[in-house]
Every structure is written in C-alpha cells, then in structure tokens.
Amino acid sequence: MTPFQFNTTKSLVFETGAAAHLAGVAGAVLGKTCLLVTDPGLRALGLADAAIASLQDAGHEVVIFDQVEADPSRETLMTAVEAGRSAGATGVVGFGGGSSLDVAKLVALLLGSGEDLDDAWGVAQAKGPRLPLVLVPTTAGTGSEVTPVSIITVGAEEKRGVSSPVILPDIAILDADLTVGLPPHITAATGVDAMVHAIEAYASKSANNNPLSKMLAREALRLLGANIETAVFEGQNKDARGAMLLGSMLAGQAFANSPVAAVHALAYPIGGTFHIPHGLSNALVLPHVLRFNAPEASATYAEIAADAFPHLADVDGSQARCAGFIDALADLSAKLGMQTRLRDVEIPKDAIAKMASDAMLQTRLLVNNPRDVSETDAFNIYTAAW
Ligand SMILES: [Fe+2]
C-alpha cells in the first residue's frame, strides 16, 4: 500500500441545537475574549444570537466582526484581525458559510503567530501557532470546517490560498438548526458542491489519494444523494439537514486529503469573472467534465455511482453505469431547480476562450484530474456546457 498522510479537525460535535450552548461545547477552548467572525446577512437574521448569548452568559467577552462578504477580500481579513487584536482576543469563532470560516481561520493564524500574510500563502507555508479556533458552518457544502485551506481575494479578482494543517480548527460544530432556514437555491448549489468534493476526491489522481478519503467520499455521496432533494424541497426537515451537514463534512475530510480536480478548475473562472456562486459554477460544468473524463475514469465513477443513486446498482457494466451516473447528476441539477447551461447565467459564448485559458492556470487542481486537460479540451467542455 502506498504511503499517505491524513489530517482533519481533531474534535467534531454533531448535535442539533449545539450552537445555542456554545459556551458548554467550546468555551474552555476559546478563553476569556472571543472574536466571532460572521457576515451581515446572518447577523441580521439573528442566527448567531443564541451562540453569542451562551458565551456572554458564561462570562466570556464577545467581540463581533460581521462584515465578511462573499469571496472575502484581504482588506476584510485585515480589518477582522485588527478587531481581534485591539480586543485582545483569546479565541476565534467562525460562524457562517465558507467565506466566514475561511476568514476566521486566517484571523486565528495571524493573531496567534504574528506572521505576515504574504509569508503564509501557498502550501505548508503557514507556521503558527494560531489562536484557539472553533468553526460553526451554516451551509452544508464547503466542508471548510475540516479543510486546511482558506481562499482570499487579493486585488480585483485574484484568489490566493493558504493551505496548512495549522489552520484546521480545534472544534467543528455541526448543528442542523442553523441550516433549516437556508433558501432552496443555496441548499441545492452548496449540496451539489459537496457531492463534487466527494466525486473528485474519490477519483483524484493525487499521490495522496488514500483509503480513508475513498471511504469517506462514498459515505458522503450516500448521505448527500439520499437527502439533497428533501433538504431543498422540505427545508425544515432536520434529519435531511443533519445528513447534508454530515455528508458535506465527510466530503470535506475526503478532499482535504485527496484534492479536487478539473470540475473545480473549470468552475473557478466562472465564479471569478462572472461572480456565479461556487456551487452553481461547479454544477454547470460537472456533467461535461465527467463525460470528458469517462474514457479514463469510467470504472472509478461506476464504483461510486450507486452510492449517490441507488437505482444504478441494477445497471450492468462499468461504462453503462458511469453513463447513468453522469446523466443522473445532470438530471439532479435540473430537478433541484438550478440553471444547467452557461447561457442560463448570462455568460456570453465569446467568453469561453478566455475562461479556457484562465482554467489552465489552476494547475494545482488540474494535476489531480483523471484525464489530462488541454486548453482546447477546456474550450470544448465549456462549449458543451454553454
Ligand atoms: Fe467546492
């Protein structure tokens, strides 16, 4: 068996209602003064109120930074760091979607270590130590609570990442109460993103693809496939919401250690240039990338097809089962009410050449793809998706 490494969050709390007694779950880790990092929408909804009250009632001072935007900028990150520094924060809580969690990770790093952000970009450059860090996701998709990665927008549209086990949190809290109010279109897009994490992790050509990631990816697909429609159409169903949170976390553990590939590489130019949400960007190219990969990966996709879509267990032959898997994924996006073509999100056809050349810059992802992708291939995949 080939050698591999596997890193994940050391403590996971899966409990409906856990955020409402955050002090009991995480107060001892966070210390006296907690910086809570969230976004203005969640703050206005009052979603974090019970968690904040729990900490305050237990004698913690809580400083709130609620200015995280989608695709968070370096300026936002540095403002949050300053808020934490002037308050003398002893611990950081990230509360929200992937953007808030990504900012919280780097706030904890920069406050704890004093290192310069420009020395931390890239893989294994961040040294730490960081401040105590607790992450509470309010969407089921990014898996950011168990990934060692934070993505920040620098300048107009350049995305830079810090990837280091140092920014894995001390505790991740999965509380289905926080996701029941998520609108259907966000539930759909983030849920498909989680499925893509599982699919790409399972099929990743990464030298660190490993038996744990594969096992986690399959269980993630089983949970996500069985519950995504219920979560979208019956948002108040806490069993389905809990299963989606668990599935997205398992997919996060899988791809944190067996990284994603061409679906994400081709999704980034869609999000970066046209500001299409990450999950929808992935869904738009997903069936087309898998069809392109099929000549190299049909046996691999066939292995996981029935995890996501149990009816495919009856289909004989890996090519037929792989084809059924890709069709079922395409059907799923439509069934969930998502836009399915690039033209539906008003991307002009003449933008495809630039998107294909931008996708080629995602070399760190493309190296993991089961089939080599040239710029012409990317152009053809986008054209099929248009
Ligand atoms: Fe993703």
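My notes below go from the domains to a few backbone details and then to the salt bridges.

**Entry 1: the two domains**

I began by noting that this is a predicted model. The domain assignment gives domain 1 as residues 11–178 and domain 2 as residues 184–385. I looked up the distance between their centres, taken over C-alpha atoms, and found 26 Å.

**Entry 2: where the domains meet**

How many residues of each domain are in contact with the other? I found 19 residues of domain 1 in contact with 20 residues of domain 2. Together the two domains bury about 1600 Å² between them, and 68% of that is on carbon and sulfur atoms.

I then looked for charged pairs across this boundary and found one salt bridge. Its partners are lysine 238 and aspartate 177, with N and O 2.6 Å apart. I also noted three residue pairs in polar contact between the domains. On the side of domain 1 that touches domain 2, I wrote down nine nonpolar, six polar and four charged residues.

**Entry 3: backbone details**

A reminder to myself: most residues other than glycine have a negative phi, and most peptide bonds are trans. With that in mind, I went looking for exceptions.

A cis peptide bond joins glycine 128 and proline 129, with omega about 5°. I placed proline 129 in the loop between β5 (122–123) and β6 (133–137). Alanine 124 is in the loop between β5 and β6 too, and its phi is positive, near 60°.

Glutamate 346 is another non-glycine residue with a positive phi, about 65°. I found glutamate 346 in the loop between α12 (318–335) and α13 (352–359). Is glutamate 346 buried or exposed? Its relative accessibility is 69%, so I noted it as exposed.

**Entry 4: salt bridges across the whole structure**

Side chains of opposite charge can pair when their charged atoms come close. I searched the whole structure for such pairs and found 16 salt bridges. I followed some of them.

Aspartate 66 pairs with arginine 43, the closest N and O atoms being 3.6 Å apart. Aspartate 66 is in the loop between β3 (61–65) and α4 (74–87) and arginine 43 is in helix α2, so this bridge ties together parts 23 residues apart in sequence. Arginine 43 is partly exposed, at 30% relative accessible area.

Lysine 205 and aspartate 372 form a salt bridge at 3.7 Å, N to O. Both sit in loops, lysine 205 between α7 and α8 and aspartate 372 between α14 and α15, so the pair links parts that are 167 residues apart in sequence. Lysine 205 is partly exposed at 45%, while aspartate 372 is exposed at 62%.

**Entry 5: a closer look at aspartate 307**

Which residues does aspartate 307 touch, leaving aside those up to four places away in sequence? I listed Arg218, Leu221 and Arg222. With arginine 218, aspartate 307 forms a salt bridge at 2.6 Å, N to O. Arginine 218 lies in helix α8 and aspartate 307 in helix α11, so the bridge ties together parts 89 residues apart in sequence.

I checked how open each partner is. Arginine 218 is partly exposed, with a relative accessible area of 33%. Aspartate 307 has 16% relative accessibility, under the 20% cut-off, so I noted aspartate 307 as buried.

Terms used:
Residues numbered from 1 in each chain as written. Predicted model: local features only at pLDDT ≥ 70, side-chain atom pairs only at ≥ 80, totals over all residues. Heavy atoms only, no water. Domains from an automatic or database assignment. Contact = heavy atoms within 4.5 Å. Buried area = accessible area lost by both parts, 1.4 Å probe. Salt bridge = Lys/Arg side-chain N within 4 Å of Asp/Glu carboxyl O. Polar contact = N/O pair within 3.5 Å; in protein donor to acceptor, adjacent residues only side chain to side chain. Nonpolar A, V, L, I, M, F, W, Y, C, P; charged D, E, K, R; others polar. Helix = DSSP H or I, 4+ residues; strand = E, 2+ residues; numbered from the N terminus. Buried < 20%, exposed > 50% of the residue type's maximum accessible area, 1.4 Å probe, protein only.
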